[in-house]
2 protein chains.
Amino acid sequence: MTKEYRKAKTHGRLTLPSEENFYDETLELIERLGVDAIRDSDGTKLPDEIKDIEGMQVYTKYLTARGRDKNSFASMHLTEMSRFYLMSEFTTATSNKTEIYFYEEYYKEQIKPDYDYNPKEWWEVIDRTTGEVVDTSKWELDKENHIVMVDSIPFHEYTVTFLAYGIWDPVHMYNYITNDWGPEIPHDIPLDVRYPNTSQFLEDFLDEFLNNNPKTDVIRFTTFFYQFSLVFNKHGLEKHVDWFGYTNSISPEAMIAFEKEYGYKLRPEDIVDQGYYNSTFRIPSKQFRDYIDFQARFVSQKAKRLVDIVHKHGKKAIMFLGDHWIGVEPWGKYFKDIGLDGVVGSVGDGVTLRLISSIDTPMKEGRFLPYFFPDTFYEGNNPVIERKDNWIKARRALVRQPLDRIGYGGYMSLAYKFPNFIDYISKVADEFRDIHSIVSQSQPKTVATVAILNSWGSQRKWAPWIVAHGKWYKLSYSYMGITEALAGMDMDVKFIDFEDVKNGIDPSIDVIINAGDAYTAFSGGEEFANPKLVENLRKFVYEGGGFIGVGEPSAYQANGRFFQLADVLGVDVEKGYSQSNNKYFTHVTKGHFITEDIKDEIEFGEIKPNVYSIKEDTQILEYSNNEIHMAANEYGKGRSFYISGLPYSLENTRLLKRAIHYVSHKEDELKKYYADDLRIEVCAFPKLKKYAIINNSLDDLTTNIYDKDGNKKEISINGADLIWIKE
Amino acid sequence: MTKEYRKAKTHGRLTLPSEENFYDETLELIERLGVDAIRDSDGTKLPDEIKDIEGMQVYTKYLTARGRDKNSFASMHLTEMSRFYLMSEFTTATSNKTEIYFYEEYYKEQIKPDYDYNPKEWWEVIDRTTGEVVDTSKWELDKENHIVMVDSIPFHEYTVTFLAYGIWDPVHMYNYITNDWGPEIPHDIPLDVRYPNTSQFLEDFLDEFLNNNPKTDVIRFTTFFYQFSLVFNKHGLEKHVDWFGYTNSISPEAMIAFEKEYGYKLRPEDIVDQGYYNSTFRIPSKQFRDYIDFQARFVSQKAKRLVDIVHKHGKKAIMFLGDHWIGVEPWGKYFKDIGLDGVVGSVGDGVTLRLISSIDTPMKEGRFLPYFFPDTFYEGNNPVIERKDNWIKARRALVRQPLDRIGYGGYMSLAYKFPNFIDYISKVADEFRDIHSIVSQSQPKTVATVAILNSWGSQRKWAPWIVAHGKWYKLSYSYMGITEALAGMDMDVKFIDFEDVKNGIDPSIDVIINAGDAYTAFSGGEEFANPKLVENLRKFVYEGGGFIGVGEPSAYQANGRFFQLADVLGVDVEKGYSQSNNKYFTHVTKGHFITEDIKDEIEFGEIKPNVYSIKEDTQILEYSNNEIHMAANEYGKGRSFYISGLPYSLENTRLLKRAIHYVSHKEDELKKYYADDLRIEVCAFPKLKKYAIINNSLDDLTTNIYDKDGNKKEISINGADLIWIKE
């Protein structure tokens, strides 16, 4: 078989999946693409002949705390299965005896109430009308029918928080149901490393696995011990999915150990949190923060033992950022202690790229989309389109903070049937290696340091507003444009929390962004009742700093304000209380620096209603439907910018860049390393005397480009291309 | 002068303004329209010859506590002028000494700081960052420059609440500025009846006035002592206007008397309320409720003394509902004690008609629009259009709860120049007298008793969401369709407050409506933290009652719910916290009873975002932009209906009527006394065996009409007509 194909100009930094009966094609692809690592995937197995290819790194996925091969141990240690705290539905009492079928809405194949630990000790029945815990003497449990019978006050609502076994590993369950695997495949039973027997077993098992897999170079943990919240409902459909959810990490043993370490007892309610399960949108309680810390420390210690075993066998250990990653949120303080050699994560866009590339670990690898699955690779479809879109979004982030490697997943044999696709990813591989060779040598030029302020700060870098990784959410998309825009912008980006501000704002910060819906962890809610916080923020701006508020920044109804920083922003929200105060200031400032490039209507996403100007000299940049959606304000020597929402688009990226320049008084810096056409970004490496012109659109463009001194010249660039210019 | 004109078929119940040099025309109009009362207006004076017309009632307007003729007394008693508590703008401290120019934003012709009472005793400087009062030792007053110098914490915000004289009566000021009266007219100085000298003077003055005006039959007080909040800004424009505002009723004497009666001291903050000034949208504090009660009692006592004087002279006393009406909100418990013979108020629509016609007083008169002023009565304009619109809106309310009289105001000589207009109001006068003759004999048939539940209840009947009488407000219009629709609907309407519900729901109520933005007095906010409240509401519905929620009903974030009655409504609001919970229930129920007549898109007004169904069997009636705007739910034997907003329209009126029938299980009652065409309403008087067919549109219509048993027949009706049918 000889055919014309593109051959990579460069080699390495690329991981491809392979599979059985695909040896010749694998060899061909290695050459065409410059592959230096081969991996298996869920549902594939690498044959030994592939592993024997000279100079090839072999990645082997490793399921730490579940797997068919661990089921026999698990079935002999059924009290060591992983556990949840789960809440029943709200049940309204209509008399003074109420039956609560707490188990009813859950998927019986996944969840089973834990009756091994005394429910009277470990469960909670809560009157959700008063918020009070019902005394254990006032309820009885019918274990046979999974009913709690409670002495109720008529027309109060009640919930039962129950301890439950996860009897089917959630990821296995998800893949099984999604791919319609047959009944011949047994359910993976998830084990809890908290139990010494299990912990020892998992270590021994890994050791044995390594003995049996000498050709493996790299163990790719997927991931460690506790799966993020992934709970199915009675119909076997997703009920609750939270990439940051800790529901599936609890056990009485963990509660006991927690009390020993922290000196107080966790309550079931600290985990179920009124049924919100400590969503990342919730302003975290002290208890939940402590619990995260506690689990992170424990998981890190246990993970380190596994990594040590891998190292003992002379192999490398990397982890996949995603499944079963509770306790290894990689921006936590114990993560480094694990001693991992790298991380690999799924890259959907700029944010997810930087989510990975910002992790402090020796090797960062991005697994790109599309996954080689039949949902994309079917006859008549052109998978190049998705790949191009994915690459364009990721690339602008990549030039700012690079990955060390890229890779793919799925069935290679499927993708192989699309030669255009193979050609395109060969081109991307070269482009990536080109970028890496430059970007890894030097830091790109930045204009300003921008800090995103929320309850999570550096603990969840690049992660604000994410619920289930990669999914669109109505209450997220109007904010995620901020991080997505910043992912590829010529700005240094920091993530800070309210404590950081209270302790004194880092002097390197030029601009602070507070963005989110009212009373969420992203805007901060009651944090703004803290005088020190608002003092420091106001002082920061007054003395020359920039402040950008998106949505409902600093929102907390108190002391005559909804936006506690209304004085900084120049706007507040009419909640009804002050309609009697006439609102005269509705004059729109035309031709403002911030909006200069915007020709069409601005996409604000989900509008925040009833914003009005609190004073005459607030610069209103957009006013419609009797409310402000965009404004700028002078505050002492500083400036602020308000916008209702900022979904991701190239227009909004430019808008945000201009807003940052404006509030940081760097208007003069705008037209340096800059393109007039907002579809183009420029990323400069002054030390290397090089800059990249990046076309973020599919259109061929001609535009003025500005060099480091602001000298412009016209250039042309093909759709989706990246050009390096030497100065 | 003989010309063809329409002559009224009936006589009486009609008040017209007249003026000097208009005698013959007045006589003509009396005959044409069937006038039985003549009044003067602002800016006009009745000549004696008109007062002498046989059988004619003469109304004389009377300004109680201001007027050019009272200025000489006032200028000798300058510490007895009316007073305000007013708040400065928020001032951000940027160092530890901050100057607050508290007087700056106010209109110097209207407001003057009161330095006669010790500011250290009667003013408050408040740190609006902490909410704490600044100790009087930490601020100094510069009376010359009207500056408070405060020892400040840098980057806290401060306000000064100061006691101020109102040196120009607000209504006089408003008319003066609006009509551009010249400098030759002296400013009316407002007097405070709280001071014994003034009180005595006002009584003596009235007595003398009555002596001098023997031909007056009816004294029309406009109104009593304290003007609602009407504060102008430094440019002489409206700054703060609140028809329910009590800012202009305060004085140190009132504060002292209050403490004596209520056993605790009011604070200035109890009046200025963070700058919200106890807007009717604010959930009223105990202090403010007490203050309303205190002022109502005081004003009633003082007003009674004036009314007694009028009666002593053998004349009648009526009051205008509006200007200077603080303390005489006519639904209060002391109102009856005044002994008034009637009220007169301005009718803009159905709500304002019932606002007047629901007052318990012997005579209710509505002053209709347009006012005979040059802004409407100019060459080329057709004032019949405005009159027709006003009449159609008011009429449907009139047939349900009648006024005793109607009238007009302004310059009669102006209106006289528009013969078509005179003809139309002659027709209206007959139609009104027709309606009155029937409606005053019997109660119209109603389908159900509907109670509007909010913080004000029966204390402010028909008044929810009103800020400045008759003006459009962004946060009001989406709710005012409810009261406007009900004003002319075949329902008994009650207004209840949260105490009424806690004390046990009146068994005559079929349907409870809770409607308003979150955390306002209209939805109730923290009231919903009270278990008794939610218990009683749930029980009411569970046992068969109906519940209608509009906007953000029962909204109060606590215990895992935003809508505390989410279980009743079947819907709740996603505030971000539970996005991780999948939301499957988006199936729209087609062909529902409630929406059957709605052909076009429904106008929801200001949408409340992110409403979702909490369970599978909630009936979703409208779903767009990934959220619910309309839903119905079964709850025990009862039902609920949710809608995002309900601005007034004929379509929304029909929608609400259907919703009421639905939630009260009275679907079978719908097509009795009913018209298929939603532009037509039917109002029946079964005891009289009569019903009215009311065309609320300007179109000639043909439709099916249903009688008391549901038998239908086709009828035709001209645009804007009302037809009486005899059974």
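I started with β28 and β29 (residues 627-635) of chain B, which pair in the antiparallel sense over 5 bridges. Pairing here needs at least two bridges found by DSSP between the strands, and strands (E, at least two residues) and helices (H or I, at least four) are DSSP runs numbered from the N terminus. The model is predicted, so I noted the rules: local features need pLDDT of at least 70, side-chain atom pairs count only at pLDDT 80 or more, and totals for chains, interfaces and linings use all residues. Residues are numbered from 1 along each chain as its sequence is written, chains are lettered from A and ligands numbered from 1 in the order written, and side-chain values use heavy atoms, without hydrogens and water.

Which residue is the bridge partner of B:Glu622 in β29(B)? I found B:Met630.

Next I looked up the sheet around them. I read 7 strands in an open sheet of chain B, ordered β21-β20-β22-β23-β30-β29-β28, with mixed pairing. Its edge strands are β21 (491-496) and β28 (619-624), each pairing on one side only.

Then I checked the other open sheet, with 3 antiparallel strands in the order β31-β34-β35 of chain B. There, β31(B) and β34 (residues 701-706) pair over 2 bridges, and B:Tyr674 has B:Tyr706 as its bridge partner in β34(B).

Last, I compared the chains. A rotation of 180 degrees with 0.1 Å of shift along its axis puts chain A on chain B, RMSD 0.1 Å (least squares on C-alpha atoms of residues with pLDDT of at least 70 in both). That is the relation of a two-fold axis.
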